Amino acid sequence: MIVAAVVLLAGCGGADAPPAAESSSTAPGAVTTAPDGVQEVTLRTQDDYVFTPATFTVAPGRVRLTVENVAEQLTHNLRFRPDAVPQPIPEEITLLAPGESRTIEFTVEQPGDYVFDCTFHLQLGQTGTMTVEG
């Protein structure tokens with residue numbers, strides 16, 4: 001029954017980027033700059049309905065966001081809430097099964113707070129904030 005609900009919920013999202021390569025050794029939430037100049041940050045989620053960390057800060061420009069699902073049971077997703085961001089970010093991760101990681105890449109120019117969530121667990125409080133400063 002839970003699997004059916006997850007499949008139904010997953011059908012209403014956008015396209016994902018291909019699965020991410022090996023996870024980096026950088027601590028979750030640490031923003032680094034890749035050789036191509038893109039800011040990179042990794043979040044983790046597990047069986048406790050939170051993103052780790054729930055907040056991070058980037059500068060205006062290109063961002064490569066990886067989400068690692070280290071859960072044993074729960075499937076997650078990530079989308080930026082269209083009603084809670086200074087500028088739209090249509091890229092999202094529509095389905096992230098236990099043990100998977102996926103990466104999205106987007107550009108942000110407007111400073112401010114960009115709220116994101118796991119729509120599967122929104123009522124359980126699985127939300128976070130990306131702050132753009134600069």
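Which residue is the bridge partner of Leu43 in strand 5? The partner is Val67. Before going on, a word on where this comes from: it is a predicted model, in which local features need pLDDT of at least 70 and side-chain atom pairs count only at pLDDT 80 or more, while totals for chains, interfaces and linings use all residues. Residues are numbered from 1 along each chain as its sequence is written, and side-chain values use heavy atoms, with hydrogens and water left out.

Now the overview. The protein has 1 helix and 10 strands; helices (H or I, at least four residues) and strands (E, at least two) are DSSP runs, numbered from the N terminus. In order from the N terminus, the elements read α-β-β-β-β-β-β-β-β-β-β. Of its 134 residues, 40% count as buried. Buried means under 20% relative accessible area, exposed means over 50%, and partly exposed is in between, with a 1.4 Å probe and protein chains only. The protein exposes about 7,100 Å², and carbon and sulfur atoms supply 55% of that. These areas come from the Shrake-Rupley method with a 1.4 Å probe, and for residues only the protein chains shown count as cover.

Back to strand 5, residues 61–69. Because 8 of its 9 residues are buried, strand 5 is largely enclosed by the rest of the structure. Strand 5 pairs with strand 2, residues 39–45, in the parallel sense over 7 bridges. Two strands pair if DSSP finds at least two bridges between them. Strand 5 also pairs with strand 8, residues 101–108, this time in the antiparallel sense over 8 bridges.

Val115 stands opposite Thr129 of strand 10.

Next, the interior. In soluble globular proteins, nonpolar side chains tend to be buried together. The largest nonpolar core here holds 23 residues, and those touching the most other members are Leu65, Leu78, Phe80, Phe106, Val108 and Met130. Strands supplying at least two residues each to this core include strand 2, strand 5, strand 8 and strand 10. A nonpolar core is a set of buried Ala, Val, Leu, Ile, Met, Phe, Trp, Tyr and Cys residues joined through side-chain atoms within 4.5 Å.

What does Phe106 contact, leaving aside neighbours within four places in sequence? Among its contacts are Leu65, Phe80, Ile89 and Met130. Contact means heavy atoms within 4.5 Å. Ile89 is in the loop between strand 6 and strand 7, and is buried at 7% relative accessible area. Not counting residues up to four places away in sequence, Ile89 touches Phe80, Phe106, Val108, Tyr114 and Met130.

Last, charges. The structure holds 9 salt bridges, each a side-chain nitrogen of Lys or Arg within 4 Å of a carboxyl oxygen of Asp or Glu. One of them joins Arg64 and Glu40, with the closest N and O atoms 2.8 Å apart. Arg64 lies in strand 5 and Glu40 in strand 2, so this pair ties together parts that are 24 residues apart in sequence. Is Arg64 buried or exposed? Arg64 counts as buried, at 16% relative accessibility, while Glu40 counts as partly exposed at 27%.

Another salt bridge links the side chains of Asp117 and Arg81, at 3.8 Å from N to O. Asp117 lies in strand 9 and Arg81 in the loop between strand 6 and strand 7, so these two tie together parts that are 36 residues apart in sequence. Asp117 is buried at 0% relative accessibility, and Arg81 is partly exposed at 22%.

That is the tour; I will take questions now.
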